[in-house]
Amino acid sequence: MTGKLTIMDYPLAEKRPDLVRTRGGKKLEDLTLAAVEAGEVALEDLRITPDALRQQAEIARAAGRPTLARNFERAAELVDVPQDVILRIYELLRPGRAKGKADLLEAAQLLRGTYKAEGMARFVEEAAAVYERRGLFSKRF
Amino acid sequence: MPDKPQGAPQIKVNRWRRFADWDERPLRLDKFAVEDAAAGFAAFSSPNDPKPGLEIESGKVKSMDGIAAADFDMIDLFIATHHLDLEVAPEAMAIPSHEIARMLVDMNVPRAKLVRLAHGMTPAKLAEVVAELNALEIAFAYSKMRARHTPGNQGHVTNAKDDPLQLAADAATAVAFGFDEIETTMRVARNAWSNAVACAVGAAIGRWGTLFQCSSEEAEELQIGMAGFTSYAETVSVYGTERAFIDGDDTPWSKAFLSTAYASRGIKMRCTSGAGSELLMGFHESKSLLYLEARCLCLQRGMGVQGTQNGGIDGAPVTCTIPGGVRELMAENLLAVWLDLECASGNDARPTESEIRVGAKILPYLIAGSDLICSGFGSILKYDNSFNPSLMNGEELEDFLVLQRDFEADGGLTPVGETEILDLRSRAVQAIAAVFEELGLSQPTADMMASVVAASGSEETRSYAPRDVSFISEAIKQRGINVIDVIRALARRGYRTEAQNLLNVVKLRVTGDYLQTSAIVRNGRIISAVNDPNEYLGPGTGYRLSGERRDRLMNIRDVLDRDEVLRNEARHAKTETRLIQYRTMGAAEPGKDPKEVLIGISPAFGLKIFRTLGGHPLSAVLDALISGIRAKGGTPRIVRLRHTADTSFLGLSAARLAGSGIGIGIQAKGTAVIHQRDRLPHHNLELFSNAPITTLEHYRRFGENAAAYAMGETPEPVVVPTKGQALGARFHAQVALIYAIETGLTEDGAAPEDVEIRLAEAVQ
């Protein structure tokens, strides 16, 4: 990443199609109806990529929206995290689900270790500290 | 009570019956609550609201809004960590609130400058600033501060049977009316997948670009999004107190995680919050609605979501029971856009049974514009709305279109003609039926399809019932059918345009352009706060209707024009010429007969115009007047006046020529006057000003009275009873067009002419 995208590069689909690649390396112009019919394009090819999210983060930051940019950057880390893992961690973050701080720290470690999701891991660790302080590990019925 | 005056008769009346009338008005179904801050019923401020304040020590928040960092609850913690920009905060917090309030309504202060300040402000400070503004100032500030330049709108598409045929037809209809986003939900939760497929297909009819969401249980909603059917989500609710949050089974971190998960799947997402939710959940901490919502919004910005759906939402009805509640809803929407969030500005759950309160509620948003004016507008009938009725619904959609035209304001919707709608609805049910057949899900009959195309609502359809739908829905889920399967099915069955439209929406997620703030699709292009920013700086800037857009908004149905009025008259001309003949007999001389009553007819009477606004043929009107005059022993004479078309002068001129000094003046549209020779022009004896409700019997009695005046009597004036109809609204356009025809025939100085008429027997 060059880190040089500005609001002039937006929308990418119009202004910078050269930057756009699908997960399988296809270009935007390859995603035609004919290709879908021929079975050359699957749902997998229509997913967002970590690169696209980082590019959108740069644009958001250039547009003066740093918190939105940080969310896109965290999202870039989650692209390759499987759906069931995401739903499991979401569930764990809900009140009273984790029995103690260790459960959340373990989830953070999974994100960091297996999926290289450093920002997301720190976010879960931050939650663990807050939950401990606010007594959210107490069992709910 | 004051002292009882001596000798006054006692009046035994126990109620002014107007109160009984008022009891019957829909308004009285609304309940209102007293202001009670301790019980959470306070809109803008409560004694329990903290005072704004911020202490920063070595780059860390030491206290916020009077609460020491050590005592922060998890909402304070999240805001202090993720929302507050500590570089801006000292500057922003130091500016007096009334000064910032003035900047919000100062057209010379750019939006960007205010957005920067908001990022350094605490919830209590933000709330204190907007509380300084009155309702008009809030609306103006909202217009200036909203993120995207072009306004938009969102609609609900649901029905009481979860019928996929109707969902497809109604989605296509909503798309045609211009909704930028449509949202569905279910009566029966397990029908979510069927709803999703039906609306996704329906939204691909006609044009592409309407974003679609299926509101369901959090995990399932994300799965439906992953399968590619939906393109946005807005059910991620946040709350302004810690207890409400926990009771809602979430925390700021769990909701932020979910928001990030949506972005990682390339799905547009906004949060939901709004006044009244904490109150309804019973955890309001005796704080004002506005302060709690300020917390919610700072939280959302901190989470890094692009936008919010706020302005009461499910809490709007309770908020509207509180003094200042509606103004508070406007104020919290302003907070959202000031914080630079996309705002789907409520105007959602119907907060009143009063149509006046409905109209008043929507107006500021319509004229200010909003990213999504409603969130959403019930595009279907009230009883079909599975979210609950909206502020505006299918019943009232045309009212909204007319409001756009009245105020030349873009509410995001566009009038559509009957034929076009019928074509789109037919195409939609055929397309979803083809998809169902192609995927082996179901085979709807032609009768089911026809009943849906014609139906205004689900009570009129002979189609799927919720149980039938659940089998379809379960099959879609179990077999893992995704949007690519649906696109292929459409293409295989010849719906290539729709297949391409649906593919285009799914392709949006590849680049994620539509994840930026306030993104929608217009004419196949993404517009958002990034490439279509609101840069209002006073008159001549900001969003204005283009000529082309204005033409479309003005084009509502059934609009009168001059040609149409003339065509109508020409139709009546044919019948009238069979019933009455007018013969001009030359210049009219003053009459000598003391019993003579003159009828002065207007220039176009019976020549260009043939019916009154009440729909009576002029032959019958003349016959009624003549019979009335004769019945009282008067002698009628008809004169055509060509120098004027004004009722008063028609009457006065006729009176001056009449042997009795009494004349009737009548315009072709039916307005009539009885006049007397020596009176001032506008001081007549009797007047029929409401032609549309004037009957032939009234005209006959009018003739009788004119003759009675001629005999020197003082008859009881004929009063045409009105029920208070807005006759001006119903008739004035037509009146103005018809009257122009009359005045067009007047000629200065043209002499009155005697006219002989011959009436066919059919008239008498």
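Me: Why is Asp51(A) called partly exposed?

Reply: This is a predicted model, in which local features need pLDDT of at least 70 and side-chain atom pairs count only at pLDDT 80 or more, while totals for chains, interfaces and linings use all residues. Residues are numbered from 1 along each chain as its sequence is written, chains are lettered from A and ligands numbered from 1 in the order in which they are written, and side-chain values use heavy atoms, with hydrogens and water left out. Asp51(A) has a relative accessible area of 41%. Buried means under 20% relative accessible area, exposed over 50%, and partly exposed in between, with a 1.4 Å probe and protein chains only. Asp51(A), at 41%, is therefore partly exposed.

Me: What makes Arg54(A) and Asp51(A) a salt bridge?

Reply: The term requires a side-chain nitrogen of Lys or Arg within 4 Å of a carboxyl oxygen of Asp or Glu. The closest N and O atoms of Arg54(A) and Asp51(A) are 3.7 Å apart, so the pair meets the criterion. The two residues are 3 apart in helix α3 of chain A, which means a separation of about one helical turn. Helices (H or I, at least four residues) and strands (E, at least two) are DSSP runs, numbered from the N terminus. Arg54(A) is also partly exposed, at 34% relative accessibility.

Me: How do you know that Arg462(B) and Asp447(B) tie together separate parts of the sequence?

Reply: Their side chains meet in a salt bridge of 2.8 Å, N to O. Arg462(B) lies in the loop between α20 (446-454) and α21 (466-478) of chain B, and Asp447(B) lies in helix α20, so the pair ties together parts that are 15 residues apart in sequence. Arg462(B) is partly exposed at 48%, and Asp447(B) is partly exposed at 39%. A network of salt bridges that share partners joins Glu91(A), Arg94(A), Arg97(A), Glu218(B), Asp249(B), Asp250(B) and Lys255(B).

Me: What makes the pair of Arg496(B) and Glu37(A) a salt bridge, and where does each residue lie?

Reply: The closest N and O atoms of Arg496(B) and Glu37(A) are 2.7 Å apart, so the pair falls within the cut-off for a salt bridge. The pair crosses between chains, from helix α23 (residues 496-511) of chain B to helix α2 of chain A. Arg496(B) has a relative accessible area of 40% and is partly exposed; Glu37(A), at 34%, is partly exposed. Side chains of opposite charge can pair when their charged atoms come close.

Me: How many salt bridges are there between chain A and chain B, and how many residues does each chain give to the contact?

Reply: There are 8 salt bridges between chain A and chain B, among them the one between Asp340(B) and Arg65(A), at 2.8 Å, N to O. Contact means heavy atoms within 4.5 Å, and the contact takes 61 residues from chain A and 71 residues from chain B. The area buried between the chains, that is, the accessible area (1.4 Å probe) lost on putting the two parts together, summed over both, is about 5,600 Å², with carbon and sulfur atoms giving 59%.

Me: Why is Asn393(B) called buried, and which residues does Asn393(B) touch?

Reply: At 0% relative accessibility, Asn393(B) is under the limit of 20% and therefore counts as buried. Asn393(B) is found in the loop between β11 (375-378) and α18 (397-407) of chain B. Not counting residues up to four places away in sequence, Asn393(B) touches Arg350(B), Phe377(B), Gly378(B), Ile380(B), Lys382(B) and Asn385(B). The side chain of Asn393(B) reaches the backbone oxygen of Ser390(B) at 2.7 Å.

Me: What makes Ser442(B) buried or exposed?

Reply: Ser442(B) has a relative accessible area of 18%, which is under 20%, so Ser442(B) is buried. Ser442(B) lies in the loop between α19 (418-438) and α20 of chain B. Leaving aside neighbours within four places in sequence, Ser442(B) is in contact with Phe436(B), Glu437(B), Tyr464(B) and Ile472(B). In chain B, buried residues make up 60% of the 764 residues.

Notes:
A polar contact is a pair of N or O atoms within 3.5 Å; within protein, one must be able to donate a hydrogen and the other to accept it, and residues adjacent in sequence count only if both atoms are side-chain atoms.
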